[in-house]
Amino acid sequence: VAYDTVNVTGGSIQGSYNYGSYNSTGILAGESAIVTVSGTSIYDHASNGAPKDSEPEFTDTTGPEGVGIYAGHGSSVEVLGCCSIYGNDIGIWLYESPNDVGDPAQGFSQVVANGNNIYDNRYYGAYNAYFRSPVAPEDPIVVIIVMDGADFENNWWGDEEGPTAPLAFSEDGEASESPTPVTVKGDWVTLGIDYTPWLDGPCP
């Protein structure tokens, strides 16, 4: 959906995983869409030909392939009411679109995902495409703005200790901890995802 408002309540959206002949996406919020998802199960979406039990070898692309929810350019997405997002290549993908000049926040997708179960996704539970590698952008203001646009607080990530996160950066751009070793816990998240606090068990 693009340039429109959609509410998805209850039910389930199942992909075909590696049995499909296409790249599967559960909900695609396109250009300037406003989408609210509540109490919905979204699962088994994968890139064409990706075996479900294969070792993760994620290669970033510009399109939504194997994604539960894709928040596109300029979209606003709310995921609430104990949705279950699992068994996808990527649970929720945020589009990247920083401007070359002017306000770096313009064009980013805005996502609020609170009180859900996001777990057992093969590559990432939450993926902010602006941060393709675990390094901070040159302008630390972008980190703050992107965090504002990626509210993933109070979710269950498949582990009581929360999601698995890469090297974290403080607001001044300095590394706040050593990047190694990373303790694998729940689903992976990229930088630019505000995941604290998290739930220590599945939502009801």
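Start your tour at Pro 197, which you'll find in the segment after E13. Keep in mind that you're looking at a predicted model. Now select Thr 196 as well and look at the peptide bond running from Thr 196 to Pro 197: this bond is cis, with omega near -5 degrees.

Stay in the segment after E13 and click on Asn 154. Asn 154 isn't a glycine, yet its phi is positive, about 60 degrees.

Next, switch to a cartoon view and colour the strands E1, E4, E7, E10 and E13. In that order they make up an open sheet of five strands, paired in parallel. Strand E1 (5-9) and strand E13 (150-151) stand at the edges with a single partner strand each, so one side of each has no neighbour in the sheet. Strands of a sheet pair through backbone hydrogen bonds. Zoom in on E1 and E4, which run parallel to each other and pair over five bridges. If you select Thr 9, you'll see Ser 38 of E4 opposite.

Time to go inside. The largest nonpolar core holds 25 residues, and the ones touching the most other members are Val 37, Ile 69, Val 77, Val 79, Ile 92, Val 111 and Phe 152. Which elements give two or more residues to this core? They are strands E3 (25-29), E4 (34-38), E6 (67-71), E7 (76-80), E9 (90-94) and E10 (110-113).

Skipping neighbours within four places in sequence, Val 77 is in contact with Ala 29, Val 35, Ile 69, Ala 71, Gln 110, Val 111 and Val 112. Apart from this core lies another one, of eight residues, including Val 67, Trp 93, Tyr 127 and Ala 129.

For the last stop, select Arg 122 and Asp 89. They form a salt bridge, and their closest N and O atoms are 3.0 Å apart. How many salt bridges does the count give? The count comes to one. Trace the chain on both sides: Arg 122 is in the loop between strand E11 (117-119) and strand E12 (124-128), while Asp 89 is in the loop between strand E8 (84-86) and E9. The pair is 33 residues apart and links distant parts of the chain. Both Arg 122 and Asp 89 are buried.

Definitions and conventions:
Residues numbered from 1 in each chain as written. Predicted model: local features only at pLDDT ≥ 70, side-chain atom pairs only at ≥ 80, totals over all residues. Heavy atoms only, no water. Core = buried A, V, L, I, M, F, W, Y, C linked by side-chain atoms within 4.5 Å. Buried < 20%, exposed > 50% of the residue type's maximum accessible area, 1.4 Å probe, protein only. Helix = DSSP H or I, 4+ residues; strand = E, 2+ residues; numbered from the N terminus. Contact = heavy atoms within 4.5 Å. Salt bridge = Lys/Arg side-chain N within 4 Å of Asp/Glu carboxyl O. Pairing = 2+ DSSP bridges.
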